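This report describes a predicted model.

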Amino acid sequence: MKYSDFSWDFREADTKRFTHCYHSYPAMMIPQIAERLLVKYGMNSKILFDPYCGTGTSLVEANLKNIHAIGTDINPLARLIAKAKTTLINTQLLDLYLKDFNDFAFQFRFGITRNYSVVLPQFSNIDFWFNKRAQHKLAIIKSFIDNIKDDHVRMFFLVAFSETIRESSLTKKSEFKLVRIQKEKRDNFDPDSFGIFLSKLSRNKNGLLEYEKAKENVATSAIHSFNTVNYIPDSKIADHSMDIILTSPPYGDSRTTVAYGQYSRLSNQWMGIENANRIDELLMGGKKKNHPYSINSFILNDTIEKIAQTDEKRAKEVFSFFVDYKKSIDNVSKKLKPRKYACYVVGNRTVKSVQIPMDEITKEFFEMNDFRHVETIIRNIPNKRMPSKNSPSNVVGDKSTTMKHEYIVVMQKK
Ligand SMILES: C[S@@+](CC[C@H](N)C(=O)[O-])C[C@H]1O[C@@H](n2cnc3c(N)ncnc32)[C@H](O)[C@@H]1O
């Protein structure tokens, strides 16, 4: 059954409640979708798996319902945010650090301390993306964070720092790819990084308190860095052990759809992640390969053929993504218990004027793994969330809406 249902649009919903307010990220799942799917398909679940967990929206919602959760994502920034969002902190200790930071920041914001010596980080292109003023302020904030002894508090600070990095950089904030602001703006750019950071900390503290109040249980989340295309180790997630799978996978490779790695690069670099500029290559479909084999899917092959009529190279790239996607679904499928549900929230993007029916392809790939189709709910993407605003032509600034709908594909393991 495949049908449209407006009640899944959540037009007026507060999507930033609880710790969901911590950090923005491209193509985030709406928490209300995760929550509703858990009520519909996850009753009595003890453990959830999200194989592309991003910032952990489904993990937070699972934990709120006393369901343990396991997430995996290749992007270190996403993992940091997901971990922070699902971690309760000793708030008394947090308050002490917040007060300390307030006093610390005061000296710099109001020019009381001028000769604070701090080592600026060195990573490629730092001067291209940050002027010296911003580098200096960020390095001072980072030095404070590095001295936080408590892991949970440090993580909480790092997440707020990550958004501060972005806002202190010379990037256009309306793009999620890295694009520099114009020269005239660059010359006078002097971000109040301390002020930005303080307001993020305060917003996130409110979210944390709200989360703490709502969460009346001890459910926790574990977050891993497995590449779901390659393999998901049995030692961490045994076959047939998960009660529900709930996720939103990438819609295509990072180069032509959502550049998760690029969006996260500056934060990852400030946090000392090696090869932060190569993450997009590691993500699904990131490496273009010439695949010697075919996939026995009429829908996929038909779509690829249509694209190939105008652009063979693009057709190969799209196929390459779906080879990865198929491998990933094969790996993920094994982890679910029999008769339990896998819920995939996907989008059908358009390449060379050909719409790619990712919902149908997802259904077929699961059927090849002995699942039956339960339903596909078509919802409108009502607000300005990233997936509707990606750049279809891969031209920076081209914000034409490629996707107006999302498809919630629900499959049941036989
Ligand atoms: C649509 S986003 C998930 C967003 C998430 N639901 C949220 O609300 O934040 C897809 C995620 O898949 C991750 N990803 C891409 N390829 C992956 C792979 N092969 N293995 C694991 N994660 C991958 C990306 O880094 C990205 O964070």
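## Domain arrangement

The domain assignment of the protein gives two parts: domain 1, formed by 2-88 + 215-413, and domain 2, formed by 91-214. Between the C-alpha centres of domain 1 and domain 2 the distance is 29 Å. The contact involves 28 residues from domain 1 and 29 residues from domain 2.

On the side of domain 1 that touches domain 2, α3 (76-85) and α10 (260-270) each contribute at least two residues. The largest share of this side, seven residues, is supplied by α10. The residues on this side of domain 1 divide into 17 nonpolar, seven polar and four charged.

## Helix α12

Helix α12 covers residues 298-310, 13 residues in total. At 1.5 Å a residue the helix should span 18 Å, and its end C-alpha atoms are 19 Å apart, which agrees.

Leu300, Thr303, Ile304 and Ile307 are the buried residues of α12. Viewed down the helix axis, the buried residues of α12 fall within an arc of 100°, and therefore line one face of the helix. Their packing partners are α13 (312-333), β7 (350-351), β8 (354-355) and α14 (358-367). The face of α12 turned away from the buried side carries Phe298, Asp302, Glu305 and Gln309, which are exposed.

Conventions: Residues numbered from 1 in each chain as written. Predicted model: local features only at pLDDT ≥ 70, side-chain atom pairs only at ≥ 80, totals over all residues. Helix = DSSP H or I, 4+ residues; strand = E, 2+ residues; numbered from the N terminus. Expected span 1.5 Å × (residues − 1). Buried ≥ 20, exposed ≤ 12 C-beta atoms within 10 Å, placed from the backbone. Arc of directions from axis to C-beta. Contact = placed C-beta atoms within 7 Å. Domains from an automatic or database assignment. Nonpolar A, V, L, I, M, F, W, Y, C, P; charged D, E, K, R; others polar.
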